[in-house]
Amino acid sequence: MEYPTLNYPAIHLRARRGANGRTEIFDKVRGRWLVLTPEEWVRRHVVEYLKSECDFLPQQIIEEHPININGMTQRADIVALGSDTRPLIVVECKKPEVAINHDVLCQAVRYNSILQSPYIVITNGINTYCYSLNGMSYSPIDYFPHYR
């Protein structure tokens with residue numbers, strides 16, 4: 001399967017052919033092999049970007065963070081923790097061909113209603129939108145939040 005070039009710096013992945021013939025990559029943050037799906041391709045780029053460009057340490061990045069919403073467990077793709085160990089950024093990743101629209105923003109906002117992070121990011125690897133929480137509303141920002 002061909003994966004598109006994303007609007008993130010190139011990354012290096014440790015890959016292997018899984019028993020089912022699918023490509024698997026090693027996730028250094030979670031310490032395990034994962035099937036390389038288009039959404040995982042985007043997540044790997046964002047995780048590496050958080051580490052290399054935004055100064056987060058691997059232990060400050062939580063992937064597939066469980067969130068209980070109305071009695072149902074859902075998972076935020078990436079939660080990056082600030083220096084106070086509280087969520088600083090909630091990132092919702094989609095595969096490159098999924099449009100980043102109001103529904104995706106609503107999904108991230110729903111997760112953040114529980115996590116109370118000051119920033120949310122929604123991305124498909126091609127288009128990335130960042131928002132800052134200001135009281136009860138979100139304002140677009142023109143930068144990817146960094147560790148603080």
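Start by selecting Val91 and Val121: valine 91 stands opposite valine 121, which belongs to strand 7. You are looking at a predicted model, in which local features need pLDDT of at least 70 and side-chain atom pairs count only at pLDDT 80 or more, while totals for chains, interfaces and linings use all residues. Residues are numbered from 1 along each chain as its sequence is written, and side-chain values use heavy atoms, with hydrogens and water left out.

**Around strand 6**

Now select residues 119-123, which is strand 7; five bridges join it to strand 6, and the two run parallel. Strands pair here if DSSP finds at least two bridges between them. The elements themselves are DSSP runs numbered from the N terminus: H or I of at least four residues for helices, E of at least two for strands.

Next, colour residues 87-93 by accessibility. Six of the seven residues of strand 6 are buried, so this strand is largely enclosed by the rest of the structure. Buried means under 20% relative accessible area, exposed over 50% and partly exposed in between, with a 1.4 Å probe and protein chains only.

Then bring in strand 5, residues 72-81, which is antiparallel to strand 6 and joined to it by four bridges. Pick Val79 there, and its bridge partner in strand 6 is Val90. The hairpin of these two strands has five residues between them, and Thr85 takes a positive phi near 65 degrees.

**Rings**

Show the Phe, Tyr and Trp side chains. The whole structure holds six aromatic pairs. Rings pair if their centres (the six-membered ring for Trp) lie within 6.5 Å; planes under 30 degrees apart count as stacked, over 60 as edge-to-face and the rest as tilted.

Zoom in on Phe26 and Trp33, an edge-to-face pair at 5.4 Å centre to centre with 65 degrees between the planes. Phe26 is partly exposed at 21% relative accessibility, and Trp33 is partly exposed at 23%.

Which two residues put their charged ends over these rings? Arg14 sits over the ring of Phe26, 4.8 Å from its centre, and Arg16 over the ring of Trp33, 4.1 Å from its centre. The test asks for NZ of Lys or CZ of Arg within 6 Å of the ring centre and within 35 degrees of the ring normal.

While the rings are on screen, select Tyr8, Tyr49 and Phe144, which ring pairs link into a cluster.

**Cysteines**

A search of the whole structure finds zero disulfides, a disulfide being a pair of cysteine sulfur atoms within 2.5 Å. Cys54 is buried at 0% relative accessibility, whereas Cys106 is partly exposed at 29%.

**Zoom out**

Finally, show the whole chain: two helices and nine strands, running β-β-β-α-β-β-β-α-β-β-β from the N terminus on. Its C-alpha trace spans about 50 × 35 × 30 Å along the principal axes, and buried residues make up 45% of the 148 residues.
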